[in-house]
Amino acid sequence: RADIKMQYKQLYVWNLKLSDAGIYTCEYGTHKVCTSLHIFKLTISLDGHFLQDEVPELILIQNSSSPLPDLSITLFDSNNNRVTPEIQNKSRQKYIVNLKKLETTDSGTWVCQVHSDAPLIDQNISFAVKVLGFQNPDLERKYAIVDSTVILSWHLNSQKIKWKEDFTGQLNWKQQESAKSHELLEFSVTAQGQLHETKKNNNFLFEIPESKPEGTIAVKLPKVHFNHSGQYQCQLEYQGRHTQSKIELVVMKVSANPAGPLSRGANMTLTCQVSGQLAPNAYLRWERVNGSEMDIKNSKQREVKLEVNISAAGLWSCHLIEDSDKKISFQYHVEEASVWINYVVIGASIGGSLLAFALGCLCIISGINWQRRRLRAKRMAQARQYLLENKTCQCQQ
């Protein structure tokens, strides 16, 4: 592992080991020159291949012929940001430090800066870090209207960091945190980056999009139902370790009671409802398009259902607002009943009132006649009784 370049009086040593540290002496005639070789060895756990949220362990070992110096270690991530490590073990020969929880953006070349005042050492040691995971936000919310089409996508960074090892994963869905989980599909990615997907749940109405960006796991809901809401969690596995990313699907629906056109002078109740829990600063709002401030009604924060009683036809909108941002809107057109329908309703009301009045009068007249007949029958019975009593008296005389 060594070679001497006589022309330049140089000694070349390659594939250095810790045992190569020491004092090297060059003698030429009566001249003697000594050089001290200080060796550093830097290793990173899992050979530098991590999943997001994992914490790497860095081990720095030094060797020298002289007393080992006390080193100062500074780390810089792939974005050249200074990272303060957590030192687990420190001795003059061996330093063990833990890095921060990794994100996919931490992939790249890191630098370990080693410094000592006596002897003077300023050494930069670079090492590669690859973080496999999702480029989605930590917690993503997707909003949809009933009967609309939604595509939920998870973007893996395996192509971006040129991941050479294969891994597997699956996509699960459940309506609530405590509910039973349903596996929708499973997938595998080979070392060549080829993606293979298999649909698992045939009862759930979803599709696998035919065209999508490379390294993307996606499901398509061609017609969203209200009960399709919930948590969609994509999980990948590599060498027995797991990482996951979750998308919360929030679905909105609107209903009217009574359904159908709004007659003049009548009232209607519009109900806007969203599934699942909302963010702490989210609320619902009903408003009439081109209406006044009197036509606006807001729910309490995190309230998932809002009702409004209206008496005016037109276009009404329900908004889900979060941080003053309208995340989703559902427009509901309330039709006004036609004029002839209003006349029919008015006529039916008047006719019904007249009919009720006539029936009332008929009942009163019938009651009076029945009372008269009862009194007449009573008088006739009394008369017959009187006549019978008189005849009896006459026979006795």
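# Pockets, strands and burial in a predicted model

Q: What does the lining of the second largest pocket contain by class?
A: The lining has 2 nonpolar, 8 polar and 4 charged residues. In this scheme Ala, Val, Leu, Ile, Met, Phe, Trp, Tyr, Cys and Pro count as nonpolar, Asp, Glu, Lys and Arg as charged, and the others, Gly among them, as polar. This is a predicted model, in which local features need pLDDT of at least 70 and side-chain atom pairs count only at pLDDT 80 or more, while totals for chains, interfaces and linings use all residues. Residues are numbered from 1 along each chain as its sequence is written, and side-chain values use heavy atoms, without hydrogens or water.

Q: What is the volume of the second largest pocket, and which residues are closest to its centre?
A: The second largest pocket has a volume of about 280 Å³. It is lined by 14 residues, of which Gln175, Gln231, Glu248, Gly276 and Gln277 are the closest to its centre. On a 1 Å grid over the protein atoms alone, a pocket is an open set of points with protein on both sides within 12 Å along at least five of seven lines, a cavity is a set where a 1.4 Å probe fits but cannot get out, and lining residues have an atom within 4 Å of a point. Points are joined across faces, edges and corners, and the volume is the space filled by probe spheres set on them.

Q: Why is the second largest pocket said to lie between two domains?
A: Domain 2 (140-251) and domain 3 (258-334) both give residues to its lining, so the pocket lies between them. The domain bounds come from an automatic or database assignment.

Q: Which strands supply at least two residues each to the lining of the second largest pocket?
A: They are strand 14 (139-145), strand 20 (230-238) and strand 21 (241-257), and strand 21 gives the most, with 3 residues. Strands (E, at least two residues) and helices (H or I, at least four) are DSSP runs, numbered from the N terminus. The protein has 1 helix and 27 strands.

Q: How do we know that strand 21 is paired with strand 14, strand 20 and strand 22?
A: Two strands pair if DSSP finds at least two bridges between them. Strand 14 and strand 21 run parallel and are joined by 7 bridges, with Ala144 opposite Val251. Strand 20 is antiparallel to strand 21 over 9 bridges, and Gln235 stands opposite Gln244. In the hairpin of these two strands, with 2 residues between them, Gln239 takes a positive phi near 50 degrees. Strand 22 (residues 268-274) runs antiparallel to strand 21 with 6 bridges, and Asn257 faces Thr269 in strand 22.

Q: Why is Arg241 called buried?
A: Arg241, found in strand 21, has a relative accessible area of 16% and is therefore buried. The limits are under 20% for buried, over 50% for exposed and partly exposed in between (1.4 Å probe, protein chains only). Leaving aside residues up to four places away in sequence, Arg241 touches Leu46, His49, Phe50, Leu51, Glu54 and Leu236, where contact means heavy atoms within 4.5 Å. Of the 397 residues of the protein, 33% count as buried.

Q: Why is Lys160 called exposed?
A: Its relative accessibility is 66%, so Lys160 counts as exposed. Lys160 lies in the loop between strand 15 (150-155) and strand 16 (167-174).

Q: What makes up the lining of the largest pocket?
A: The largest pocket holds about 490 Å³ of space. Its lining has 16 residues, with Lys9, Gln10, Leu11, Tyr24 and Cys26 nearest the centre. By class there are 10 nonpolar, 4 polar and 2 charged residues. Strand 2 (10-13), strand 3 (22-28) and strand 4 (31-37) each supply at least two residues, and strand 3 gives the most, with 5. Strand 2 also pairs with strand 1 (residues 2-5) in the antiparallel sense over 4 bridges, and Ile4 stands opposite Leu11.

Q: Which residues line the largest cavity?
A: Ser158, Gln159, Val189, Gly193, Leu195 and Gly215 line the largest cavity, which has a volume of about 30 Å³. The lining comprises 2 nonpolar, 4 polar and no charged residues.
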